[in-house]
Amino acid sequence: MKPLQRLHNLAHSFLFGSLIIFSVLLGSCSSIDAFEKNAEIPKHQWTYDFQPEVEFNITDTVSTYNVLVTLRHTDAYAYKNIWLFLSTRQPGDSTFQKERFELTLQDQEGKWIGTGMSDIWEVRYPLFNNIRFTRQGTYTIRLQQTMRDNPLLHVMNAGVRIEKAKS
């Protein structure tokens with residue numbers, strides 16, 4: 001075999017082998033164990049009428065899940081907590097079910113809860129642990145701040161994280 005032909009065959013074999021390895025790795029990652037979506041709060045001023053919605057699809061009704069609210073704020077945020085309406089709509093429903101939640105953002109000593117970098121803080125606040133979604137399909141969660149301030153200043157992002165509970 002000529003050296004040029006041998007080099008061509010070697011390159012072809014390498015490309016084909018790499019493609020197979022990539023396909024196997026991609027296939028092993030097809031099961032998603034977590035979903036997160038965050039909405040940016042315009043100008044870091046969360047008004048009552050800005051109500052971010054998160055949609056996610058559930059196909060596994062056997063596993064249990066944890067549902068968390070994610071919130072990012074600056075250290076200039078004026079309160080130790082935040083009150084939210086969390087409205088949920090299940091597949092096939094036309095209306096939302098609304099619940100009010102308080103998220104604590106500071107500990108007893110006044111230190112921010114969560115992870116911080118410089119003057120920005122992020123908290124993942126667990127709302128429901130080990131719940132089972134009983135219907136397959138698209139679920140919708142809507143977040144609305146219900147504090148006295150409108151707009152509520154220094155809130156950067158709000159969102160939802162859904163993760164499979166560890167067995």
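Which residues does His73 touch, not counting residues up to four places away in sequence? The legends below concern a predicted model, and the first view gives the reply.

View 1. His73 touches Leu105, Trp112, Asp119, Ile120, Trp121, His154, Val155 and Met156, when residues up to four places away in sequence are not counted. The residue belongs to strand S4, which spans 65-74. His73 has a relative accessible area of 1%; it is therefore classed as buried, the limit being under 20%. Across the protein chain, buried residues account for 31% of the 167 residues.

**View 2. The open sheet of five strands that contains S4.** The strands of this sheet follow the order S1-S11-S4-S8-S7, and their pairing is antiparallel. Strand S1 (34-40) and strand S7 (115-117) are the edge strands, each of which pairs on one side only. From one strand to the next, the twist averages 15°. In general, the strands of a sheet pair through backbone hydrogen bonds, in either a parallel or an antiparallel manner.

**View 3. Pairing of S1 with S11.** Strand S11 comprises residues 155-164 and runs antiparallel to S1, to which it is joined by seven bridges. Within this pair, Asn38 stands opposite Gly159 in S11.

View 4. Rolling a probe the size of a water molecule over the atoms shows where empty space is left. The largest cavity holds about 40 Å³ of space. Two or more of the lining residues come from each of S1, strand S4 (65-74) and S11. The greatest contribution is that of S4, which supplies three residues. By class, the lining comprises two nonpolar, three polar and three charged residues.

**View 5. The open sheet of four strands.** A further open sheet has its strands in the order S3-S9-S5-S6, with antiparallel pairing. Its edge strands, strand S3 (53-58) and S6, each pair on one side only. On average, neighbouring strands of this sheet are turned by 25° against each other, direction ignored. S3 and S9 are paired over six bridges in the antiparallel sense. Phe56 stands opposite Tyr139 in S9.

**View 6. Ile113 in the loop between S6 and S7.** Ile113 occupies the loop that lies between strand S6 (97-104) and S7. Its relative accessibility is 32%, so Ile113 counts as partly exposed, falling between the limits of 20% and 50%. When residues up to four places away in sequence are left aside, Ile113 touches Thr104, Leu105, Gln106, Asp107, Trp121, Glu122 and Val123. Between Ile113 and Tyr125, twelve residues apart in sequence, the C-alpha to C-alpha distance is 9.7 Å.

**View 7. Positive phi values at Lys43 and His44.** Both residues are found in the loop between S1 and strand S2 (45-46). Lys43 has a phi near 55°, a positive value in a residue other than glycine. For His44, phi is near 60°, likewise positive in a residue other than glycine. Lys43 is exposed because its relative accessibility of 74% is over 50%. His44, with a relative accessible area of 31%, is partly exposed.

View 8. Pro151 is located in the loop between strand S9 (137-145) and strand S10 (152-153).

**View 9. The protein chain as a whole.** The close-up views are set here in the context of the chain. One helix and eleven strands are present in the protein chain. Along the sequence, their pattern reads α-β-β-β-β-β-β-β-β-β-β-β. Of the contacts in the protein chain between residues at least 6 apart in sequence, 78% join residues at least 24 apart.

Terms used: Residues numbered from 1 in each chain as written. Predicted model: local features only at pLDDT ≥ 70, side-chain atom pairs only at ≥ 80, totals over all residues. Heavy atoms only, no water. Pairing = 2+ DSSP bridges. Axes fitted to C-alpha atoms, helices over the stretch in contact; angles between N-to-C directions. Buried < 20%, exposed > 50% of the residue type's maximum accessible area, 1.4 Å probe, protein only. 1 Å grid on protein atoms, 1.4 Å probe; cavity = no way out; pocket = protein on both sides within 12 Å on 5 of 7 lines; lining within 4 Å. Points joined across faces, edges and corners; volume = space filled by probe spheres on them. Nonpolar A, V, L, I, M, F, W, Y, C, P; charged D, E, K, R; others polar. Contact = heavy atoms within 4.5 Å.
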